[in-house]
Amino acid sequence: MKSLILLSGLGVLTLLSEMFNFKRKIFPVVLLGLLGTIVISAMYWNTNKHYFNDMMFFDNYAVAFTCLISFIAFAWFLLSQNYFNEETNLTDHFALILFALVGAVIMVSYQNMSMLFLGIETLSLSLYVLAGSRKNDLYSNEAALKYFLMGAFATGFLLFGIALIYGITGSFNLQTIANYITLNSGNIPALFYTGVLLMMVGMAFKISAAPFHFWAPDVYQGSPLVITAFMATIIKTAAFAAFFRLFFTCFSTIESVWGNIIFVMAILTLAVGNITATYQESVKRMLAYSSIAHAGYMLLAILAMNKFSAGSILFYTAAYSVASITAFTVLSIIINKSNNEAIDAFNGLGKRNPFLAFAMTVAMLSLAGIPPMAGFFGKYYLFNAALQSGQTAIVLVAVLASLVGVYYYFKVIIAMYFKSGSDSSLVEVSFTHKLLLILTLVLIFAMGLMSDFVIRLL
Amino acid sequence: MLTAILIFLPLLASFLLFFAKGGSAKKIALAFSIAELAVALFAAFNFHRDATTQFILDFWWMPSLGISFKVGIDGISMLLVLLTSSLVPFIILSSFEKKYEKPNVFYGLILMMQMALVGVFTSMDGFLFYIFWELALIPIYFICLMWGGKNRGVITFKFFVYTLFGSLFMLVGLIYLYQHSSAHTFDIQSLYQAGHSLPASTQGILFWAFFIAFAIKMPVFPFHTWQPDTYTEAPTQGTMLLSGIMLKMGIFGVIRWLLPVVPLGVAEWGNTAIILSVIGIVYASVIAIMQNDMKRLIAYSSIAHVGLIAAGVFSMNVQGLQGAMIQMVCHGINVFALFYIVDLIEKRTGTRELSKLGGVRSISPIFSTVFMIIVLGSVALPFTNGFVGEFLLINGLYQFSPLAAAFAGLTIILGAVYMLRMYQKSMLGELSPLNEDFEELSYNEKLVLYPMVIAIIGIGVFPKPLLHISEPAVEELLRIIALK
């Protein structure tokens, strides 16, 4: 809870910094604030506190995801330092990002459906603005508009679903709804199930699961790179945590209603994400499709719905986010250098900057799920959870899908080490970025080798 | 503890190398690989010749999932660890007169590969085995991608995806076994128990999940299509690693993680595996006879030899398995030496094509004599190392099915045809213009080849010490399989 206040306070402070002229110093303050958020929320471990008449519930799940989101935000700020210095007005964007984080924290800790809605809206509204923050760029405008329309559409579904469920059960509270289901099993009106499915559609939009994924590639490609990185990591994590929290606490007992739909959705997402990614020329767009594909893997945990699910989602989102931040950092350096986001821009990077090439290789291997990187263990835990629930078929599909995944991730690796580019000048890396890359690389390996520590948290 | 040193010493060395300066890299790498060999020999001398697993290191790695870091050495592992740690120094030595770009990364990757290989051979935990199994793929992929031939991009990628494809199904199989084990761990005994408790039909499915992974690695017909291209395109040291040691991972996998885990599955499908292996022997031999590129010829000969080993393993008797064990070591030595010879010829003449070579014998007698001995070793002439293994293998196969043994026996005849043809075309006949100033072996080259020649003849005359190391472990293995 205090973490929520701290984040909001930071947001307000950054707005004030413009007025009182300490703009230059705000960057380290924000970084410290984010570290503080991690520490403060970690102190709530095992306390299980309820707030505001049970509107929010900081159980270990919420605490773990709050820490994760704050940490990714910390890494994200390191990644995007240049962007704020050079491209846009510092303070309002800082503030928007911080408010988006507030939304993300609400999304992982709600106990009441109205808070879920509030969280999603707080997060999304900031992002609609940020997606269009490159005002003179046509694509950025398109991205913002598309994102806004689709987002509003999804929220509509979500609200409709919440309303129906409220109409039947008379409550927004997750626990009350769960109790209602167990008490009335057998004679629940069909409208209730309709509500569940509508909420599911709304959430599927947010996590960009097929067939509700069409907005994602264009929005990812059109937005400024750092905003894309933000969407691909923090939003994905928060949305998935919210999705799982909703279904695990509320609807786990009526899996027969939504199980098949999620099953089909997972297969579609895996197939569409992975296969479409293979023929992308732009790395940014490729990462967009890969993020769709990763949503497909994570759906396995929702499908499994057992005691392993929460831990495996936490681990998977962490592993995926860290690897994505690494990839986006390298990509941003490359784009800065050559103003080109195609795979060709990576040609010969193995010679032009071995460290960057190494970092990108590790990120790609981790995303592709090759041991001993964290991404492999993420997939392993998901598969394990799904197999525990007897979901063998979907695991086999996911295995095949990850083979397809190897194809497009390796395209980048092959470009870096095998092809030689027209431009053979060295690539410079700033100190902050170097620091960030070392941090993420260590994490990718450490999370792989000590994954048990993370997985046992939940 | 000793096992841990064997695994982590090369890893440490590879980390050091990544930060080393280019020029000194090969010396550091050689020093570390010799140290590793010394440790391996020390382990071999302290090894008790019984069926137990020794030098065990065991601690929990991921207790919530029943995964432990458990490594140890039994007779089967011992031979392969010896093979790995004795070949790697020679592989490094064989590259001394070559100039690779970024030598520190090159040697670092070789040693990382060694780490993974030793890990594969010593893992006593299914999950750990899988991790090392995959880990072995990464360094060799980059060795081939960064220093390979012209078409390396496509070909190494095919190699990577092909092998990954197989191992992912093995992973699903391992998780399945884990979930059916009563102790809920990945420990090898617990997986044996889980496998034995399953009905025959399930074991049959698991058999394929594992067999495909191993068959691709070896490779067994029809999973071999990645192999000739990859061997040809890889840099020589990469080919040596691939053929000398890495393909043994597949056979080792069958021996340790397939036969005893799903005995009923093997009983049902073992015939199919033998038939595939025997087809592979004949098929690859016939193709080898037609080859003009020496490296490709040896690649196909390797498929034939491995086919015989696989057939022997699936015949599931002491002779077949013992033959496989010793033949793995001998094939490692022979194929390493053959690829080195080809590399030397290519360095001297600029070509590997048989049609352009010939007549070396008259100007470089030592070179061609050494080559002759190595060829004879591969052809399995009595009193060379190849004979011991192939004799035992065919003997074992004969007990299983005389017909299969008859076809598999063709390998000796066909092997003689393609090997002697290669020797004849490259060394005998009229002196080719390319060979006019063919140099004799240099000091460094002798340093690599003479020990190989000694090993070829030494093991051929006196194979007992090697056979003794693995015998109790093989018998124990057969006992576990017989429990069903």
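In which sense, left-handed or right-handed, does α14(B) pass α16(B)? The legends below answer this within a predicted model, in which local features need pLDDT of at least 70, side-chain atom pairs count only at pLDDT 80 or more, and totals for chains, interfaces and linings use all residues. Residues are numbered from 1 along each chain as its sequence is written, with chains lettered from A and ligands numbered from 1 in the order in which they are written.

**View 1. Crossing of α14 and α16 in chain B.** The axes (lines fitted to C-alpha atoms over the stretch in contact, with angles from 0 to 180 degrees between N-to-C directions) of α14 (residues 318-349) and α16 (residues 365-379) of chain B come within 10 Å and cross at roughly 140 degrees. Helices here are DSSP runs of H or I of at least four residues, and strands are runs of E of at least two, numbered from the N terminus. α14(B) and α16(B) are therefore oblique to each other, a word for angles that are not under 35 degrees (roughly parallel), over 145 (roughly antiparallel) or 65 to 115 (roughly perpendicular). α14(B) passes α16(B) in a left-handed crossing, meaning that the near helix is turned anticlockwise from the far one by less than a right angle.

**View 2. Hairpin of β1 and β2 in chain B.** Strands β1 (residues 54-62) and β2 (residues 67-73) of chain B pair (at least two DSSP bridges) in the antiparallel sense over six bridges. Phe59(B) stands opposite Phe69(B) in β2(B), while Gly66(B), in the hairpin with four residues between its strands, takes a positive phi near 70 degrees.
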